[in-house]
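User: Please take a close look at a single part of this structure and describe it in one connected account. Give the cut-offs behind any terms you use.

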Amino acid sequence: MRVLGIETSCDETAASVVDDLNILSNVVSSQAIHKKYGGIVPEFASREQIRALTPIVESALVEAKSSFEDIDGIAVTCGPGLAGSLLTGLNFAKGISLASNKKYIAVNHLEGHLFANRLSDTNLKPPFVFLLISGGHTQLIHVKDWGDYAVLGSTLDDAVGEAYDKVAKMLGLGYPGGPEIDRLAQKGDPSFEHFPRALLGKGYDFSFSGIKTSVLYYLKKQEDGFVEEHLEDISASFQGAVVELLTKKAIEAAKFLNIDKIAVGGGVSANSTLREELNSKSEAVGIKTYFPPISLTTDNGAMIAAVGAYYLEKGKSSSLTMNVYPNLGIEDATD
Ligand code: KG4
Ligand code: ZN
């Protein structure tokens with residue numbers, strides 16, 4: 001089944017054509033404007049998406065050597081995300097569905113991050129534990145089957161990507177902060193400063209607001225020039241605390257459920273220290289880990305097309321009265 005996937009839940013405009021879990025094209029356009037403000041400005045995001053959608057979808061089709069006639073359906077993100085951004089994508093998909101007379105299906109963005117793993121490793125089969133770590137979410141999920149999920153724990157405050165972005169801002173780094181901190185941390189000493197590991201050993205919920213505040217107070221008390229001089233060590237110390245939390249909790253959850261597989265998804269799953277740590281610590285206790293390739297960690301259309309194909313093949317599709325769900329959870333049904 002060949003599906004066109006469209007993703008506009010945050011600042012990206014992305015489209016992709018996927019054919020039976022083969023990615024024929026994957027086009028992503030990120031918006032530079034938000035860098036200037038150190039975060040996403042929702043109104044700018046949706047305005048830019050209105051402009052970008054037609055050329056991005058055209059590029060995805062051209063790159064896949066496909067036309068609307070060749071595709072079997074359209075998949076589009078309907079939540080969670082920014083309402084205005086979600087609406088641009090959903091309405092665009094409804095329009096091309098009507099014009100091309102192809103079925104369309106509204107897809108859960110969080111399920112998309114999960115399906116990035118299905119796309120990248122077709123050997124991955126449920127049940128497994130899914131660690132979802134993005135700019136908006138931090139959750140441990142029991143994937144009982146594709147489409148059957150139970151949330152084991154969630155962040156009580158900030159998402160891990162959000163903590164990365166806020167700490168990066170405090171350090172005077174650009175947006176998004178995760179890749180920058182990750183790059184600096186590779187050259188730093190993670191034992192330089194000990195930042196708190198909230199809720200470690202206390203179940204599957206997370207809390208990242210404490211570490212963010214503790215970095216803030218730590219930075220405030222330093223002399224001029226100290227932070228610039230020790231950017232790499234401070235980044236490594238922050239990253240070390242975050243990675244220890246994510247790694248230990250994911251492994252604890254897998255052990256609790258007696259499951260020997262952990263898959264990771266969302267923007268923060270690009271993190272190099274997390275990849276090393278989770279791989280080695282899991283392997284030591286007989287657990288196999290799955291990470292999507294870097295190109296499928298952040299928001300993209302291929303993961304949305306993969307979810308769409310799964311449900312379209314089961315005979316599901318969405319109606320033209322479908323709405324957006326800015327606060328959709330992974331367990332929520334959309335119809
Ligand atoms: O999944 P995503 O593209 O968007 C959401 O659905 O939220 O995730 C974006 C987040 C940002 O907070 C960004 O800083 C973070 O992923 N991120 C990283 C890395 N690459 C992206 N965080 C840590 N290390 C990275 N290498
Ligand atoms: Zn995302």
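Analyst: Helices α5 and α9 are roughly antiparallel to each other, a term for angles over 145 degrees, with roughly parallel for angles under 35, roughly perpendicular for 65 to 115 and oblique for the rest. This is a predicted model, in which local features need pLDDT of at least 70 and side-chain atom pairs count only at pLDDT 80 or more, while totals for chains, interfaces and linings use all residues. Residues are numbered from 1 along each chain as its sequence is written, chains are lettered from A and ligands numbered from 1 in the order written, and side-chain values use heavy atoms, with hydrogens and water left out. Helices (H or I, at least four residues) and strands (E, at least two) are DSSP runs, numbered from the N terminus.

The axes of α5 and α9 come within 12 Å and cross at roughly 175°. Such axes are lines fitted to C-alpha atoms, for helices over the stretch in contact, and the angles run from 0 to 180 degrees between N-to-C directions. On the α5 side, Val160, Ala163, Tyr164 and Val167 meet Phe238, Gln239, Val242 and Leu246 of α9, contact meaning heavy atoms within 4.5 Å. By class, this contact has seven nonpolar residues, one polar and no charged. Here Ala, Val, Leu, Ile, Met, Phe, Trp, Tyr, Cys and Pro count as nonpolar, Asp, Glu, Lys and Arg as charged, and the others, Gly among them, as polar.

Helix α7 packs against both of these helices. Its residues 209-220 face α9, residues 231-257, with axes that come within 11 Å and cross at roughly 160°; α7 and α9 are therefore roughly antiparallel as well. Ile211, Val215, Tyr218 and Leu219 of α7 meet Ile234, Phe238, Ala241 and Val242 of α9. The contact is made up of eight nonpolar residues, with no polar and no charged. Phe238 and Val242 of α9 take part in the contacts with α5 and with α7.

Between α5 and α7 the axes come within 10 Å and cross at roughly 10°, so these helices are roughly parallel to each other. Lys166, Val167 and Met170 of α5 meet Lys212, Val215, Leu216 and Leu219 of α7. This contact holds five nonpolar residues, no polar and two charged. Val167 of α5 has a place in the contacts with α7 and with α9, while Val215 and Leu219 of α7 have places in those with α5 and with α9.

What does Leu219 touch, leaving aside its neighbours within four places in sequence? Leu219, in helix α7, is in contact with Met170, Leu171, Val227 and Ile234. Leu219 is buried, at a relative accessible area of 12%; buried means under 20%, exposed over 50% and partly exposed in between, with a 1.4 Å probe and protein chains only. For distance across the model, the C-alpha atoms of Leu219 and Ser318, 99 residues apart along the chain, are separated by 50 Å.

Pro176 lies in the loop between α5 (160-170) and α6 (177-185), and the peptide bond from Tyr175 to Pro176 is cis, with omega near -5°. Asn258 lies in the loop between α9 and β9 (261-265), and has a positive phi of about 60° although it is not a glycine. Asn258 is exposed, with a relative accessible area of 72%. Most residues other than glycine have a negative phi, and most peptide bonds are trans.

Lys65, in the loop between α2 (42-63) and β4 (73-79), has a positive phi near 50°. Lys65 counts as exposed, at 73% relative accessibility.
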